[in-house]
Amino acid sequence: MKSSLITAFALMLLIEGVLPFVSPARWREVFRKAVLMEDGQIRFIGLSSILIGLVLLLVFND
């Protein structure tokens with residue numbers, strides 16, 4: 001289990017690092033827009049991400 005969590009964390013860091021590496025200006029603009037969002041909008045995005053991740057785990061987990 002520990003190995004799986006470390007792998008998942010490493011993959012998250014790899015994916016999160018692509019946009020700032022490839023296009024720092026675009027990343028900065030996305031971040032600027034996120035700062036201007038209301039708390040409810042950010043929570044909705046977070047909840048959507050959780051639910052999509054949960055569905056993917058349930059569907060594709062052997």
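Trainee: Is Arg 32 buried, partly exposed or exposed?
Mentor: Arg 32 counts as partly exposed, because its relative accessibility is 45%. Buried means under 20% relative accessible area, exposed means over 50%, and partly exposed lies in between (1.4 Å probe, protein chains only). This is a predicted model, where local features need pLDDT of at least 70 and side-chain atom pairs count only at pLDDT 80 or more, while totals for chains, interfaces and linings use all residues. Residues are numbered from 1 along each chain as its sequence is written, and side-chain values use heavy atoms, with hydrogens and water left out.

Trainee: What does Arg 32 form a salt bridge with?
Mentor: Its partner is Glu 29, with the closest N and O atoms 3.0 Å apart. A salt bridge here is a side-chain nitrogen of Lys or Arg within 4 Å of a carboxyl oxygen of Asp or Glu.

Trainee: How many salt bridges in the whole structure?
Mentor: The search finds 1.

Trainee: New topic. Which residues of α1 meet α2?
Mentor: Leu 19, Pro 20, Phe 21 and Val 22 do; on the α2 side they meet Pro 24, Arg 26 and Trp 27. Contact means heavy atoms within 4.5 Å.

Trainee: At what angle do the axes of α1 and α2 cross?
Mentor: Roughly 115°, and the axes come within 5 Å. Axes are lines fitted to C-alpha atoms, for helices over the stretch in contact, and angles run from 0 to 180 degrees between N-to-C directions.

Trainee: Where does Val 55 lie?
Mentor: In helix α3, residues 39-60. Val 55 counts as partly exposed, because its relative accessibility is 48%.

Definitions and conventions
Helix = DSSP H or I, 4+ residues; strand = E, 2+ residues; numbered from the N terminus.
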